[in-house]
Amino acid sequence: MKLNANIPDGPIQQKWDKHIADSKLVNPANKRKFTVLVVGTGLAGASAAATLAELGYNVHAYTYHDSARRAHSIAAQGGINAAKNYQNDGDSVWRLFYDTVKGGDFRAREANVYRLAQVSTSIIDQCVAQGVPFAREYGGYLSNRSFGGAQVSRTFYARGQTGQQLLIGAYQALSRQVGLGTVTLHTKKEMMDLVVVNGKARGIVTRDLKSGEIESHMADAVILATGGYGNVFYLSTNAKACNVTATYRAYKKGALFGNPCYTQIHPTCIPVSGDYQSKLTLMSESLRNDGRIWVPKQKGDTRTPDQIPESDRDYYLERKYPSYGNLSPRDIASRAAKQVCDEGRGVGPGGLGVYLDFADAIKRLGQAKIEERYGNLFEMYERITGENPYEVPMRIYPAVHYTMGGLWVDYNLMSNLPGLFVLGEANFSDHGANRLGASALMQGLADGYFVIPYTIGGYFAQGGFDKVSSDSAEAKQAVAEATERVNKLLSIKGKRTPASFHRELGKIMWDLCGMARTEAGLKEALVRIPKLREEFWRDLLVPGSGEELNQTLEHANRVADFMEFAELMVTDALHRNESCGGHFREEYQTEDGEALRNDEEFAYVAAWEYNGVGVAPTLHKEELTFDNVHLATRSYK
Amino acid sequence: MNLRLHIWRQAGPSAEGSLKAYDVNNVSEHMSFLEMLDVLNEDLIGKGESPVAFDHDCREGICGSCGMVVNGVPHGPERKTTVCQLHMRKFKDGDEIYIEPWRASAFPVTRDLVVDRAAFDRIIQKGGFVSVNTGNAQDGNAIPIAKTDADRAMDAAACIGCGACVAACPNASAMLFVAAKIGHLAALPQGQAERDSRARDMVLQMDAEGFGSCTNHYECEAACPKGISVEFIARMNRDFVNASLKG
Amino acid sequence: MRPFREVWQSTIFTKWVMAITGLLIVGFLLGHLSGNMLMFLGKEHMNEYGVELRSLLHGAGIWVVRLGLVVIFVLHILSALKLSGRIRKARPQRYAKVTPQESTLAGRTMLLSGLLLLFYLLYHLAHFTWGIVHTDFYAHNVGYEYTLANGHVVPDVYKMVVNSFQQPLISVLYLLAMVFTGMHMNHAIGSALQTLGLTNHRLVPVLRKAGVGLSIIIAAGFSAVPISILIGIVK
């Protein structure tokens, strides 16, 4: 298979405009004859569904939540980047493009990233018009803050709830279309499979989570906006229901999966407190501006932090990275924390934590100032841990946060399966091997509001859409397979719950395919995962039936896909013999322990083709060319 | 700590429900309330019983999925905290805890503690938006918005749509939810063009959904995990009548 | 454009009717109270007031007021019944456990206190206006008469009130009704301000406190008459 990214010709600044100008259009009267299924109602899905309906397409939107307002986009705290240059500090589309490519450790497609930077400014305008209450200065103009990986202030925010406000904006736009009857909203419906007819994506199979009904829905195009797969680790900052099922089923139907091993680990999360832990909570990265990170110098030091004198403390980030210190980038700070904990110097229950200490800052600035800056974060920390961070240092530990990999898409955001479009975190596209802060919201909305409405028209204008119905053999077969699978999950009647399998899988992934990976560890994972999967299908216990709200069954169905997907992820991590961004292979590091990229051999997107469960997938490469940004090594010393 | 839970169990929307007692032992004070229920559920599944169904997702207090009435208070005893962020250190050994679903005829029980809140979505669909197509927008800084207005809009927009206001209200009224959306958009210049029709249409849909009427007990504000002020209800009352009198 | 019927039937409009009629009733009670206070100025003032009330606008005034009051009370009661019927349907299944956080007993018992006050009102009218209960103390029935300073002979309202309230049963019922009036108003005034949409941050807290104060003044003021009669200050 030859991967064609369909990147338009011409200078990078003109590619998108040229592409729009060159794309064929669909007559307004004909648009309503095209049906589009949008799976997922997060930022990317809701914005796409609303915008396509505004254009006149017949849209169906699906979510497994009870409302289109609950997707995990809502939890993003920090903000959204846009190259507005309102601060007059030298920002530009070019600079945002450059920062994003560099931040992604030169593993993203230049043309996509440039387009992202271009449309970023329109996103802010659109959101303001929708009534998103962005933070403002006293003069009434939009406020910006700075964020990691950039030297300009380009991040727009709404208190600590930017993701929520942007999602509500998109949800409102979607609700408007639902009210107008142009979007049919299907809540509590989970996608079980993709229906491919004559090589084109033509429908999906869903399960109604309340009644258990499994049915197919046919259309002219399918858009997956189903988020990332961080929950393969069980513990992550993702919401509990986030899963890989939709994209993984598409993969099994022939869509290629791009760069599955790229995982972002966020350094400042609240550590695990016990076996019952169900998820991890992120603490804003901004805390590192004033907090100092340290662990005891001696391993096994059981003294309380206030009993440990300065001379027995190791401020390891300040020691190793004197110029960036506690503000080292996410991947570096995360790995350093893991390292000291692996040495047995971690703090708190289980030894998986490091101190983030505000004592010096409180001494220097006074408690009132710290309260003003971080009051709500301190409150949240205390609510969860029961410890007062004004008196006792916070304990933090890295956690899985975002997955840069996803289904492979071309410049049109269409996968190799014609008619299957993939948006937001679900695609592999714009962040390369590492995502910068405040860029996830930007990408989700760029895809949904400003890219897909253009590119899907070009696809439809090509014509050749015979009517397909739910009675087609392909649709019936997909429904039958989904039904059989549900029955199979219910009929094992073994002894272990889906959660226990999920936790075990997550532990394997975290230990062997987490922050730091080795060839030996990854090979071990490739032995342990199939074993666990075999046990899953032999000893799973799901009570109840498939004809009712059955949350255990829902979970089991998602874990079943993680069991297969994990192997793909490890395979990708094992093949990529280099370290870059969110993928760190211990064999490939500099003498100082920094990531060592191999641009000669690995400057490509690894797009994997499914060959069967437990069978090695086929690698397809999309070579990345950097005509506008020079490949360089990141340094934060 | 050891606890005795009294949990509302109801097999389906039309099934009869009742409170059932469960003992949970060795609960860690560091657990969240939902993690405590997770442990109970793992135990129930192991015994072949059906686990307690409850909605939840982000477990960070922002998605608005979770919600149950804990000892007579929606989201439990800690103010401005969703039940997913409530931790067991707020309870003590030997406590009896009553756990019930949101109770309102407009929120029918789907199963156990899960209720159907689609009524909220239908209210939003009647006008809880600004009618602006993608691409219509002018520059984001074209209209300066006073910081106080932007802040007020944000205060209201913080609503997570969990439904605790309805659950807490002695009348099962949805006024705080509806007022938050109307108040959010009414505070901004972008919301002015449809201000009247929005207030009118959303309130009438709220009534049509069968929520109770407000009698100003302010239990909603106390239960709201985001602390949204009942002042927005006063504003909505004014906006609605103002809009209605205009014809 | 919505037909007005829909708006008229909306809960918020009903609440406005409730709030406005309620505030008018508070106004009426203040007027009534000021009349009652004449009891402390003696027979002459009280009985003169009784006559003046009946002669406003050549006798039509009192009927205008009475008609207005009937309309106000009927609207207030109908609104209450409409809203409370809705509330009952809104939560058919009660909670096993309820722990109020902000609401007050007075607020939660508005319907009860309102209904009790309605019954009391009818009884009160039957007693002092229509003369169909406690007929022994009704001025017209028993021929209590009083000659005003200007020589006019008028019904002796003062005596009727004193004789009535010397009966412990009548006084106790009256005082109970005032407790409910105080409770009802305590919630009602602040509630009406909220319903009518007052949001001024300086004004509203003051008005709320004033509302509570007013409810106490009204309940205490009305109670002062029977208490004074019972303990013999007024006779």
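Predicted model: local features only at pLDDT ≥ 70, side-chain atom pairs only at ≥ 80, totals over all residues.
**View 1. Domains of chain A, with the contact between domain 2 and domain 3**. Chain A is divided into domain 1 (35-264 + 402-461), domain 2 (267-399) and domain 3 (475-623). Taken over C-alpha atoms, the centres of domain 2 and domain 3 of chain A are separated by 31 Å. The contact between these two domains joins 5 residues of domain 2 to 5 residues of domain 3. On the domain 2 side, helix α9 (residues 330-342) of chain A gives the largest share, 4 residues. By class, that side of domain 2 has 1 nonpolar, 1 polar and 3 charged residues.

**View 2. The contact between chain A and chain B, seen on the chain B side**. Chain B contributes 70 residues to this contact and chain A contributes 63 residues. On chain B, the elements that give two or more residues are α1 (33-46), β6 (109-111), α2 (118-125), α3 (147-157) and α5 (175-186). The largest share, 7 residues, belongs to α1(B). The chain B side that touches chain A divides into 27 nonpolar, 26 polar and 17 charged residues.

**View 3. The contact between chain C and chain B, seen on the chain C side**. Here 37 residues of chain C are in contact with 41 residues of chain B. At least two residues of the chain C side come from each of α1 (4-8), α2, α4 (60-90), α5 (105-108) and α9 (168-195) of chain C. This side of chain C comprises 16 nonpolar, 12 polar and 9 charged residues. Helix α2 of chain C, one of the elements in this view, is shown again in the next one, where its partner is α10(C).

**View 4. Packing of helices α2 and α10 within chain C**. Two packed helices are described by the angle between their axes and the distance between the axes. In chain C, the axes of helix α2 (residues 11-36) and helix α10 (residues 203-230) come within 10 Å and cross at roughly 30°. Because angles under 35 degrees count as roughly parallel, α2(C) is roughly parallel to α10(C). The crossing of α2(C) and α10(C) is left-handed. From α2(C), the residues in contact are C:L29, C:L30, C:L33 and C:N36. They meet C:I218, C:G221, C:F222 and C:V225 in α10(C). By class, this contact has 6 nonpolar and 2 polar residues, with no charged residues.

Technical notes
Residues numbered from 1 in each chain as written. Chains lettered and ligands numbered in written order. Domains from an automatic or database assignment. Contact = placed C-beta atoms within 7 Å. Nonpolar A, V, L, I, M, F, W, Y, C, P; charged D, E, K, R; others polar. Axes fitted to C-alpha atoms, helices over the stretch in contact; angles between N-to-C directions. Parallel < 35°, antiparallel > 145°, perpendicular 65-115°, else oblique. Left-handed = near helix turned anticlockwise from the far one by under 90°.
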